[in-house]
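User: I am new to this structure and would like to learn how to read its features step by step. Could we begin at the start of the chain?

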Amino acid sequence: MMKRVQNLLGHYLIHGFRVRSEPDGDLESQAMVAVFGSKGLRVVKVSWGQGRFREVWRSGLWSMSDWIWDTRWLEENVAVALGHNSVVLYDPMVGRTLQEVHCTDRCTLSSARLIGNTWRELTMVAGAISNELLVWYPAATLENEPVAPDRRVSGHVGVIFSMSYLESKGLLATASEDRSVRIWKVGDLRVPGGRVQNIGHCFGHSARVWQVKLLENYLISAGEDCVCLVWSHEGEILQAFRGHQGRGIRAIAAHEQQAWVITGGDDSGIRLWHLVGRGYPGSGVSALCFKSHSRAGTLKAVTLAGSWRVLAVTDTGALYLYDLEVKCWEQLLEDKHFQSYCLLEAAPGPEGFGLCAMANGEGRVKVVPINTPTAAVDLTLFQGKVHSLSWALRGYEELLLLASGPSGVVACLEISAAPSGKAIFVKERCRYLLPPSKQRWHTCSAFLPPGDFLVCGDRRGSVLLFPSRPGLLKAPGVGGKAGAGVLGVSGGSGGEGSTSAEWGPVSILPSLHGKQGVTSVTCHGGYVYTTGRDGAYCQLFVRGGQLQPVLRQKSCRGMNWLAGLRMVADGSVVILGFHANEFVVWSPRSHEKLHIVNCGGGHRSWAFSDTEAAVAFAYLKDGDVMLYRALGGCTRPHVILREGLHGREITCVKRVGTITLGPEFEVPNLGQPDHLEPGSKGPGLIDIVITGSEDTTVCVLALPTATGAAHALTAVCNHISSVRAVAVWGTGTPGGPQDPRPGLTAHVVSAGGRAEMQCFSIMVTPDPSTPSRLACHIMHLSSHRLDEYWDRQRNRHQLVKVDPETRYMSLAVCEPDRPGPGPLVAAACSDGAVRLFLLQDSGRRLQLLAETFHHKRCVLKVHSFTHEASNRRRKLLLCSAATDGSLAFWDLTTVLDHGSTALEPPAEPGLPYQLGTPCLTLQAHSCGINSLHTLPTCEGRHLVASGSEDGSLHVFVLAMEVPELEEAAGEAELRPQLRVLEEYSVPCAHAAHVTGLKILSPNLMVSASIDQRLTFWRLGHGEPTFMNSAVYHVPDVADMDCWPVSPEFGHRCALGGQGLEVYNWYD
């Protein structure tokens, strides 16, 4: 990971750079780089080698009076294209302007490109806001007089954002707001008077096109639709790279000889893709030509044995094999018992592992060795239809076949091979009984390592845990929950060797995937992964013989039928499923569809197989077998150089804690060690930060103090709408306070749109195999939605339904000091309510306890704090702020006490309690309060600070007085009295909304605003006094968190808006 050495352009954003190799040095080890952005330009000489990257020299920062669109090296000087159609020649060594030339058409530009290697041949191609190109020559004037355009090129119906010139073929490509890319035949642009011809008009993007680049054989474009397209020069789309999230791809780079493209997106991710051109081998759909006069019947089912053998069965009971190496069909057997209705499943295993199973509507199952079909074994298991078949493989040691029959009975068959390998033995081991349901059969199964249990999914959407053999249970009925043991006795329906006992599950998660059914079960790394036709995949684990849910995730939008899940070599997962009429292999990590097959949907017979060499997908269509085969397995040959954070605006930022790693976990650093920032403790100190976004995700980030990197450890995608607030409580270490090993654990509550709240726990531990040297494990605990709460009300026809568009604007965790059911979560709501939720059983139960509509308008912020009174117990207080600029303070100390008067009984049965009147109300501002924070002082008082939409700050000192306990019968409740001692206001602290505020100490406060200024204030001597201010680059900051690191390091501030920026401040 390369370290950001120093700030190059100050408060200017970097929009681009141009590299010139050093002529008198090693071309592979050093270069001069012109870095430009906004109105700033700086030249830097860098060198690299032996794993080091260092800065050799830099020029001064040159500030222009106009926007810089492009720069180009002209021998030792730099030509600069400016925003109002002018060109400046600049000497970076001396630091002065040599010449400045204007065009007679002084229009505002949307893009510009400089062409040529000397001032005499320099050509300016300007994209004007009139949707046309202006070509002119700055050297055409001798006395700096304005130069008239040589050519005007029109054709686009929108603003031109980018252009690229290919000198060898005389082609110019332009990208526009009209969603198109045009190719122009311009010849040598350095020669005046040339002819311009439009030879290509490419439509492929669904939004504005930001960037375009011409190569010798390709045209590459990227746009607002987050897609990078590779075109031929004739306008044919050759490849489409999808994976970036958010508002588009802003930058592209390509190397045609090495066949790669690098893209940078608004999600802050950087990805490398490989160009494969037209003739990419091993991809596409082909028909296997089953229809023939020699093969009677119609195809009924198809499956794959590995990625190079296809099995198909017809309605005449004939089983056929297609070998992709031989490329012909071969009939293995024909059995009249399997006419009309027939199930077909191939056994899992490596290439060449040749077993398949067939089942019919009369309870018959046939196990067929593919290489020796004459050794097939027939069994009659049921007196009725076999509803489903599934295989369970445990390494090379144990192979089971599960068959579901009538009344929820599942027969478990043990398959073994003879020593000669030419015969197989099939023995019924036991029988299982599924819970009652309308569609009572299992859909999938897998061994749970080390092999003592089987995990199964059923058509009802439940996940069940069965013992793999009856001997594991000492006696029927042993197993505790879920009715383990003998649940029924078979009535002679089985075949030879059948047992009479039908064993029930030892654990069950009912309707985990709704009513559509579980489609796959996979065991990996100590966890169980399940997919379902509800569009979700779940992570489970088994503890004490019981299934426990860990995390539930949704797949990509519109992919509601998940068919399976695969683990890839890098430890991530890929999801198989159906998106409308397409079969899709989707990567949650890279957010892209790795494989797409237009198969018509999942209602017909299909099969999928993946190996390290290739993936294969077979399905039936028009009476034939169609096969999609692609080399390279489930992964795609591209590299994520930097993980993306969020695709949309970041709405909340919260620090969890800090992890200190030892030298054995040191993060590789290509920067010079002497360029570490002052006070840095080195790579071992890593801050863990949680962010929420409009893209409905919550990200856990690692921010090392010694590098300018932000590592995305994991993302939680449970929300159905935007995430606007997060709160953290219960921070600790994985092994407890006595465990010296590094790590971090915490409970997190996130909330946002659609009145939805999620609770989960995180555990961050060291992991040398990851780029960040950390691994993050997520466990989902509970969730809550107001409209779901309303649907459970018995008298809901008499009530007014909660507005489904209610948003949670802010969260605060209130932890009582006494042992009790759990902490409280206070939520500021857009419908004017302050709601209290009770977290029970370590967050596994989330219950709405009380609410109040005191503010009668949108509540923007809530903040909790405690008051330590002498000789009395701790007081728990809550402060809320609304859009009218008012503050309200509530005493929550006795909310959970039995018989407390802090809560009033609900007006109607089934509604939550009503929170009483506040202890204190204040009118702090004249408009909405967007930031709020408190801090206790040593005198037992509290500093309260708030920031408003009008850019003002309000700081006051709050004192609490608790009346003496009067002697009375029973217990009297002490109601505190709050009083304002001092009050100060800074009317014009910022030029826009104050969206972030933190009191760091009784003497120091920091505020952030969407005016892009981070300001520090001195407190304690009357009105807050200005200390200093810094400019940050993130627009529209929505939240800020700031924390001290060490006396020598100072403070760290994380700002989230349209991006994330971490700022280090030293007092």
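Analyst: I14 is found in the segment before β1 (16-21), where strands are DSSP runs of E with at least two residues, numbered from the N terminus. This is a predicted model, in which local features need pLDDT of at least 70 and side-chain atom pairs count only at pLDDT 80 or more, while totals for chains, interfaces and linings use all residues. Residues are numbered from 1 along each chain as its sequence is written, and side-chain values use heavy atoms, with hydrogens and water left out.

User: Is I14 buried, exposed or partly exposed, and why?

Analyst: Buried means under 20% relative accessible area, exposed means over 50%, and partly exposed lies in between, with a 1.4 Å probe and protein chains only. I14 has 48% relative accessibility and therefore counts as partly exposed.

User: How should I read a pair of aromatic rings?

Analyst: Such a pair is described by the distance of the centres and the angle of the planes. Rings of Phe, Tyr and Trp (its six-membered ring) pair if their centres lie within 6.5 Å, and planes under 30 degrees apart count as stacked, over 60 as edge-to-face and the rest as tilted. A search of the whole structure finds 21 aromatic pairs. For F241 and W273 the ring centres are 4.9 Å apart and the planes stand at 10°, so this pair is stacked. Because F241 belongs to strand β21 (residues 237-242) and W273 to strand β24 (residues 270-274), the pair ties together parts that are 32 residues apart in sequence. Both F241 and W273 are buried.

User: And which residues does R152 meet in salt bridges?

Analyst: Side chains of opposite charge can pair when their charged atoms come close. A salt bridge here is a side-chain nitrogen of Lys or Arg within 4 Å of a carboxyl oxygen of Asp or Glu, and the structure holds 33 salt bridges. R152 forms one with D105, the closest N and O atoms being 3.2 Å apart. D105 lies in the loop between β9 (96-102) and β10 (109-115) and R152 in strand β13 (residues 151-154), so parts that are 47 residues apart in sequence are tied together. R152 also forms a salt bridge with E132, with the closest N and O atoms 3.0 Å apart, and E132 lies in strand β12 (residues 132-136), 20 residues apart from R152.

User: How accessible is E132?

Analyst: E132 is buried, with a relative accessible area of 17%, whereas R152 is partly exposed at 47% relative accessibility.

Note on methods:
Helices (H or I, at least four residues) and strands (E, at least two) are DSSP runs, numbered from the N terminus.
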